Amino acid sequence: MSTAIGFEIFLDASYDQSVIMVTEALKSEGFGVLTSIDVRSTLTEKLGEDFRPYVIIGACNPPLAYKALIIDPIVGLMLPCNVTVEAVPEGGSIVRIANPEVMMRAGSLEDNREMSEVAKEARVGLERVAGKLQSK
């Protein structure tokens with residue numbers, strides 16, 4: 001399912017299983033995990049608040065990131081591509097994947113033809129990731 005800024009997929013899998021599935025699907029499309037922010041742990045540690053299991057994964061496709069950074073280094077402010085996985089209280093998990101083309105619009109880079117092509121290529125790869133997750 002598309003949202004205003006990305007793609008959303010419901011997985012009928014545990015949170016831990018979903019994180020593994022997302023990581024594997026990203027890897028199969030040439031995206032590596034650069035960062036993994038455990039939001040639940042951070043909010044517990046910093047605020048003393050209990051929060052559902054939630055992770056922000058910073059995914060990067062090195063060839064695409066390189067192309068984008070050569071075109072305009074300011075794009076680094078929008079890298080890596082963010083993917084979130086969160087536990088659903090009733091069971092299962094929700095995965096959200098940022099759409100790079102929307103991020104380019106937010107950064108006013110959509111008028112740059114070369115940058116738009118890189119964003120499109122990244123979007124297509126991330127849509128394949130979403131498709132692989134939906135078929136599970």
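This is a predicted model: local features need pLDDT of at least 70, side-chain atom pairs count only at pLDDT 80 or more; totals for chains, interfaces and linings use all residues.

Surface first: I get about 7,800 Å² of accessible surface for the protein, and 56% of that belongs to carbon and sulfur atoms. The areas come from the Shrake-Rupley method with a 1.4 Å probe, and for residues only the protein chains shown count as cover.

Residues are numbered from 1 along each chain as its sequence is written, and side-chain values use heavy atoms, with hydrogens and water left out.

Next, the fold. I have five helices and five strands, taken as DSSP runs numbered from the N terminus (helices H or I, at least four residues; strands E, at least two). Along the sequence the pattern reads β-α-β-α-β-α-β-β-α-α. The radius of gyration is 15 Å, close to the 14 Å from the globule rule for 136 residues, so the protein is as compact as a globular protein of that length. That radius is over C-alpha atoms, and the rule is 2.2 Å times the number of residues to the power 0.38.

I also looked up the box: the C-alpha atoms fill roughly 45 × 35 × 25 Å along the principal axes. Of the 136 residues, 39% are buried (under 20% relative accessible area; exposed is over 50%, partly exposed in between, with a 1.4 Å probe and protein chains only). Among contacts (heavy atoms within 4.5 Å) with a separation of 6 or more, 67% are between residues 24 or more positions apart.

Then Ser18. I find Ser18 in helix 1, residues 15-28, buried at 0% relative accessible area. What does the Ser18 side chain join in a polar contact? The partner is the side chain of Ser93, at 3.0 Å. Such a contact is a pair of N or O atoms within 3.5 Å; within protein, one must be able to donate a hydrogen and the other to accept it, and residues adjacent in sequence count only if both atoms are side-chain atoms. Leaving aside neighbours within four places in sequence, Ser18 touches Leu11, Ala13, Val85 and Ser93.

Peptide check: most peptide bonds are trans. Leu79 and Pro80 are joined by a cis one, omega about -5 degrees. Pro80 is in the loop between helix 3 (62-71) and strand 4 (81-87).

Last stop, Asp111, in the loop between helix 4 (100-106) and helix 5 (113-134). Asp111 is exposed at 70% relative accessibility.
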